[in-house]
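Thanks for passing this one along. Here are my notes, in numbered points, to read beside the model.

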Amino acid sequence: QVQLVESGGGLVQPGGSLRLSCAASGSIFSIYAMGWYRQAPGKQRELVAGITDDDSTNYADSVKGRFTISRDNAKNTVYLQMNSLKPEDTATYYCNADLATTPWGPRRSDYWGQGTQVTVSS
């Protein structure tokens with residue numbers, strides 16, 4: 001069993017900051033990549049940012065320069081620092097992991113957290 005637990009969401013004013021955390025636990029052999037997705041009401045889930053095991057990162061164009069993804073491999077934790085937040089960043093944010101539970105695989109990328117709500121409003 002693998003669990004991803006997010007924290008750090010909340011209500012913030014436009015221009016403010018939040019830091020999301022996602023800790024992976026359970027039977028984990030190796031985590032290859034982790035990422036943050038978000039889903040606003042009536043919209044499809046979209047990738048916000050991702051980070052690989054060699055610290056390569058990628059971002060959605062809409063968050064470049066404002067959000068920073070990082071990871072602590074020792075803690076199996078990924079973070080998302082969100083600055084200069086805008087009302088359009090309002091969504092439920094989900095953590096995702098691409099990992100293997102044993103040395104012989106298989107590798108799966110469909111591990112998800114329960115989501116944390118981020119609301120940007122004055």
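1. Strands β9 and β11 run antiparallel and are joined by three bridges. Within that pairing, Y93 has T116 of β11 as its bridge partner. Strands here are DSSP runs of E, at least two residues long, numbered from the N terminus, and two strands count as paired if DSSP finds at least two bridges between them.

2. A word on the basis of all this: the model is predicted, local features need pLDDT of at least 70, side-chain atom pairs count only at pLDDT 80 or more, and totals for chains, interfaces and linings use all residues. Residues are numbered from 1 along each chain as its sequence is written, and side-chain values use heavy atoms, with hydrogens and water left out.

3. Strand β11 also pairs with β2 (residues 10-12); these two run parallel, again with three bridges. There, L11 stands opposite T119 of β11.

4. The largest nonpolar core has 30 residues, and M34, W36, L80, M82 and Y93 touch the most other members. At least two residues of this core come from each of β1 (2-7), β3 (18-26), β4 (30-39), β5 (46-52), β7 (67-72), β8 (77-82), β9 (91-100) and β11 (116-120). Strand β9 gives the most, with five residues. Such a core is a set of buried Ala, Val, Leu, Ile, Met, Phe, Trp, Tyr and Cys residues joined through side-chain atoms within 4.5 Å.

5. M34 deserves a look of its own: leaving aside residues up to four places away in sequence, its contacts (heavy atoms within 4.5 Å) include L4, C22, I51, I69, V78 and C95.

6. S21 sits in strand β3 and counts as buried because its relative accessibility is 18%. Beyond residues up to four places away in sequence, S21 touches V5, E6, S7, W36, V78 and Y79.

Definitions and conventions: Buried < 20%, exposed > 50% of the residue type's maximum accessible area, 1.4 Å probe, protein only. Helix = DSSP H or I, 4+ residues; strand = E, 2+ residues; numbered from the N terminus.
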